[in-house]
Amino acid sequence: MGYTLAVLGCGTMGIAILSGVLTSLETRSQQSNGSNSTSSTAENTSNEPPSGISTPTASQFLDAPDAALPSRFIATVGREETGRKLKKVFGAMGGLGTGVEVRAGKGNVDAVRDADVVLICSKPQIAKLILAEQGMSDAIDGKLVVSICAGVTIAQLESWVPAGTKVVRAMPNTPCKIREGMTVVTPLSDPLSRALILAIFTSCGRCRFLDEKHFDACTAVAGSGPAFVALVLEAMADGGVMMGLPRAEALELAAQTMQGAARMALYAGLHPAQLKDSVTTPGGCTIAGLLTLEDGRVRSTMARAIQVATNHAAGLGQDPKKA
Ligand SMILES: NC(=O)C1=CN([C@@H]2O[C@H](COP(=O)(O)OP(=O)(O)OC[C@H]3O[C@@H](n4cnc5c(N)ncnc54)[C@H](OP(=O)(O)O)[C@@H]3O)[C@@H](O)[C@H]2O)C=CC1
Ligand SMILES: O=C(O)[C@@H]1CCC=N1
């Protein structure tokens, strides 16, 4: 068993997702060699394990979750120069990375023809052009297509492909690269497609289903989120440097602190207010710092940034006159 995944427009996000999937496959293979077991379910961090799967083919994937991940990978880019760089990126990964087939220039239609599942990772405005390429309609008919393009709706995507093509939206983020990603996927009822998509994105981190109406907000919170928290991370480290800490140590302290606090919210179920209050000694330094942050309206500024990013995301991939 095994299937082919084509990543059209394999830039930052395509590389992040493929890195997550390839590393996951290699980790599982090492674990199964070590333990002599055929599968590992320990790393499925999804809140929705593929439980409702009932068709015979999908059941096979449940018995052997590795099989729900692709075994052949094709990555396309626009320019030859980018293609050469991409080959080096996957080559440097070693292992399964060396097997990724990179195609530049006019490679999209052939890649789709060779694939079972197609991931569209191009810029939103390029997606329509790729799907309109000569021969694409025949190649993509009947395939499962997952678009990660911000602001490009399912209705738009469906109008660009034949009726036999299954279209799903996903919103992942850059930490997919180290398998700490957060991906939201639009609901889909077909059990096989569901199993395949869950396998791909849970191998990159967490994955959950949410209705398309929430996608612009998901784009802002999870898709753009790494940039927003990076700003806070950098600011915390800068403060440490201002007070005499060496730069590298300041960054390590801030990053590990951010990770620790986030993990307490995720895994110990602590509300952010509990997290904050448990650090805040009466009359202590934490409340002094917190009040300064409140004076600077950090909370409302961050929340408004999400609001602005959500509204902006809705316009991506749309006709500029309407956006
Ligand atoms: N970056 C992020 O954190 C996130 C991005 N997204 C979404 O992911 C998508 C990609 O973003 P990102 O990875 O940052 O973008 P990148 O610019 O890094 O990647 C886009 C890739 O598409 C390639 N490309 C351009 N034209 C074509 C073409 N005609 N055929 C095939 N490939 C082509 C480019 O190659 P070349 O340079 O040679 O033209 C490039 O490698 C966007 O739609 C974005 O909304 C979603 C979540 C998070
Ligand atoms: O900034 C953007 O448009 C993309 C979508 C989410 C993250 N990056």
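**Reading the model**

Mentor: For "domain: Pyrroline-5-carboxylate reductase dimerisation", an unreviewed UniProt entry lists residues 212-314. UniProt positions are given in the numbering used here, feature names are shortened, and annotations may be inferred rather than shown by experiment. This is a predicted model, in which local features need pLDDT of at least 70, side-chain atom pairs count only at pLDDT 80 or more, and totals for chains, interfaces and linings use all residues. Residues are numbered from 1 along each chain as its sequence is written, while chains are lettered from A and ligands numbered from 1 in the order in which they are written.

Trainee: How much helix and strand do residues 212-314 hold?

Mentor: Helices (H or I, at least four residues) and strands (E, at least two) are DSSP runs, numbered from the N terminus. Residues 212-314 are 82% helix and 0% strand, and the end C-alpha atoms of this span lie 11 Å apart. UniProt also places "domain: Pyrroline-5-carboxylate reductase catalytic N-terminal", again from an unreviewed entry, at residues 75-151. Residues 75-151 are 44% helix and 19% strand, with end C-alpha atoms 23 Å apart.

Trainee: Into which domains is the chain divided?

Mentor: Domain bounds come from an automatic or database domain assignment. Here they give domain 1 (4-215) and domain 2 (223-315). Two residues are in contact if their C-beta atoms, placed from the backbone, lie within 7 Å. By that rule, 6 residues of domain 1 are in contact with 6 residues of domain 2. On the side of domain 1 that touches domain 2 there are 3 nonpolar, 3 polar and no charged residues. In this scheme Ala, Val, Leu, Ile, Met, Phe, Trp, Tyr, Cys and Pro count as nonpolar, Asp, Glu, Lys and Arg as charged, and the others, Gly among them, as polar.

Trainee: Is Asn 108 buried or exposed?

Mentor: A residue is buried if 20 or more other C-beta atoms lie within 10 Å of its own, exposed if 12 or fewer, and partly exposed in between; C-beta atoms are placed from the backbone. Asn 108 counts as buried because it has 27 C-beta neighbours inside 10 Å. An unreviewed UniProt entry places the feature "binding site" at Asn 108, and this residue belongs to helix α4 (residues 108-114). Leaving aside neighbours within four places in sequence, Asn 108 is in contact with Leu 8, Thr 76, Ile 130, Glu 133 and Met 136.

Trainee: Why does Thr 186 count as buried?

Mentor: Thr 186 counts as buried because 21 C-beta neighbours lie inside 10 Å. Thr 186 lies in the loop between β7 (181-185) and α8.

Trainee: Which residues come nearest to ligand 1?

Mentor: A residue is near a molecule or strand if its C-beta atom, placed from the backbone, lies within 6 Å of it. Of the 26 residues around ligand 1, Gly 9, Gly 11, Gly 78, Thr 82 and Ala 150 come nearest. Two or more residues of this shell come from each of α1 (12-35), β2 (72-77) and α5 (124-131), and α5 gives the most, with 3 residues. The shell around ligand 1 divides into 13 nonpolar, 11 polar and 2 charged residues.

Trainee: Which residues surround ligand 2?

Mentor: Ala 150, Thr 219, Gly 223, Ser 224 and Leu 316 surround ligand 2. By class, that shell has 2 nonpolar, 3 polar and no charged residues.
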